[in-house]
Amino acid sequence: MAFTFLKRTQSWHTISPAGIALQSRIDKRSYAARSSVLERVVSAFRAVTGDDGVSLGATVREQHGKDESVHSCRPPDVVVWPQSVEEVSALAKICHHHRLPIIPFGTGTGLEGGVGAMKGGVCFSLRKMDRVLDLHQEDFDVTVEPGVTRKALNSYLRDTGLWFPVDPGADASLCGMAATSASGTNAVRYGTMRENVLNLEVVLADGTIFHTAGRGRRPRKTSAGYNLTNLFVGSEGTLGILTKATLRLYGIPEAVVSAVCSFPTIQAAVDSTVQILQAGIPIARIEFLDDVMIDACNRYNALSYPVAPTLFLEFHGSERSLEEQVTITEDITRENGGSDFSWARDVETRERLWKARHDAWYAALALRPGCKAYATDVCVPISRLPQILVETKEDLTKNRLTGPIAGHVGDGNFHCLMVLDPNDPHEEQRVHQFTDRLARRALALDGTCTGEHGVGLGKRLLLREEVGPLAMEVMQGLKATLDPKNLMNPGKVL
Ligand SMILES: Cc1cc2nc3c(=O)[nH]c(=O)nc-3n(C[C@H](O)[C@H](O)[C@H](O)COP(=O)(O)OP(=O)(O)OC[C@H]3O[C@@H](n4cnc5c(N)ncnc54)[C@H](O)[C@@H]3O)c2cc1C
């Protein structure tokens with residue numbers, strides 16, 4: 001039991017069970033008094049969720065103190081698994097009363113250290129709230145609980161002819177995706193989470209439950225008041241716990257065609273992208289891989305694509321409209337020197353074609369076994385892409401860094417998948433300096449330091465540079481209004 005453990009180690013901050021961040025108010029008390037507070041807090045949690053809804057185990061806490069990023073593990077003091085919004089609210093009230101930090105946890109696939117408990121506290125794992133609640137087929141929307149993942153939703157929708165297209169690659173929770181404003185390969189056609197969340201149910205730090213667009217509302221558009229839904233999309237758990245999301249759905253396209261094409265230069269690949277978009281082709285995916293990335297993918301998947309800047313494309317529509325889209329695209333890419341086309345219509349060939357792109361993260365890691373990966377995430381106006389890509393590749397070469405590039409080029413968003421030796425502090429430092437330079441290069445080109453992964457722990461200074469002191473003050477004011485005790489995921493974003 002937790003307190004036995006606490007007594008044995010006598011260490012409050014590192015392993016305290018419900019040590020729970022624990023704010024100086026509790027910290028200043030005697031050991032006996034602290035234990036008694038802890039005991040009360042944990043039994044209050046258990047009264048809400050039952051015994052199996054609370055864990056103080058070291059392994060469980062470690063699993064919940066880390067995501068897929070390179071940021072080190074910062075375990076919470078306690079993990080709770082609420083099963084309803086009422087339970088989330090009751091648990092939040094207990095935390096609020098005792099001034100305990102609250103860290104929402106989806107599936108832990110984040111790439112910016114968002115789930116680390118920087119000040120200890122209580123991890124709210126939303127995994128057990130995994131019901132699809134209201135499906136309105138005729139209105140193309142659905143409401144889900146926070147633990148529903150995008151793959152689970154799409155399996156649920158399989159027989160309806162509908163799907164949810166936002167696809168960050170990982171099988172993330174939909175509310176985690178809302179919290180990070182995720183996107184991915186389909187965003188060029190279907191938008192990001194910002195465009196696809198219609199309403200959110202939120203539990204604030206003090207346990208208040210509210211709906212960002214009004215309870216039960218799900219209009220496709222609205223001009224009613226401030227856009228609170230988009231305030232919470234991308235808030236990374238720092239403003240409240242998302243306990244329901246109402247999402248837009250789309251019809252599954254009648255036909256899909258995929259293609260891969262190589263280019264002599266990065267400029268040629270980007271020019272083709274711009275011209276395809278200018279031609280009004282409703283391209284569903286247009287992904288860029290540089291020569292290093294395609295080489296890694298070839299090795300990892302035993303493929304033989306030319307080692308050159310490459311575009312992966314996908315078209316969605318009716319059979320007739322696809323013919324036209326494909327012909328115009330082929331003309332544009334050929335005029336820009338594109339060659340070695342592979343086209344695929346049936347599911348199996350398409351999946352084989354896209355496998356290289358889908359496995360990019362693992363292919364990059366396989367370049368240096370035993371190393372870890374960190375994905376940068378800048379986004380610039382699309383016309384600036386050739387410049388930033390060329391400069392970035394020169395920077396990587398000059399600094400002897402491994403960083404194959406994969407990008408959602410239709411949105412101007414790309415990632416260098418930095419592969420680094422965790423036991424080489426010099427390399428870590430060079431990567432860190434490189435990622436800062438890259439982000440500042442994006443800012444200098446009117447872009448952003450993060451297109452889809454979020455600010456998390458590592459980009460707080462860059463956020464300040466990006467939006468400026470006045471916008472930061474507005475953000476801090478909003479945070480102070482919604483979470484005056486700074487309990488929601490402290491140490492992140494701001
Ligand atoms: C191989 C790989 C590829 C990826 N590719 C992409 C990509 O192409 N595009 C992209 O956008 N992302 C990508 N990601 C990142 C990741 O999948 C997204 O950031 C995802 O949105 C995180 O969802 P999650 O449920 O795992 O959230 P978590 O990692 O659990 O949490 C992320 C943040 O959201 C907060 N949070 C989680 N749930 C809630 C909630 N219910 N209420 C309030 N706050 C909450 C957490 O506190 C944390 O700050 C990739 C990740 C991997 C591992």
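H8 (174-180) gives the most to the shell around the ligand, with five residues. Strand S3 (102-105) and strand S10 (241-248) also each supply at least two residues of that shell; helices (H or I, at least four residues) and strands (E, at least two) are DSSP runs numbered from the N terminus. This is a predicted model, where local features need pLDDT of at least 70 and side-chain atom pairs pLDDT 80 or more, while totals for chains, interfaces and linings use all residues. Residues are numbered from 1 along each chain as its sequence is written, and side-chain values use heavy atoms, with hydrogens and water left out.

In total, 35 residues surround the ligand (a heavy atom within 4 Å), and Pro104, Thr107, Thr109, Pro168 and Ser173 are the closest. Now for the polar contacts (N or O pairs within 3.5 Å). A backbone N or O atom of Gly106 sits 2.8 Å from a ligand oxygen atom, and a polar backbone atom of Ser183 is 3.0 Å from an oxygen atom of the ligand. Glu452 brings a polar side-chain atom to 2.9 Å from a ligand nitrogen atom. The protein buries 94% of the 980 Å² that the ligand exposes when taken alone (Shrake-Rupley, 1.4 Å probe).

Zooming out, the chain is divided into domain 1 (132-251), domain 2 (255-361) and domain 3 (368-462), with bounds from an automatic or database assignment. Domain 1 and domain 3 each give the ligand shell at least three residues. Domain 1 and domain 2 bury about 680 Å² between them (area lost with a 1.4 Å probe, summed over both).

Terms used. Polar contact = N/O pair within 3.5 Å; in protein donor to acceptor, adjacent residues only side chain to side chain. Buried area = accessible area lost by both parts, 1.4 Å probe.
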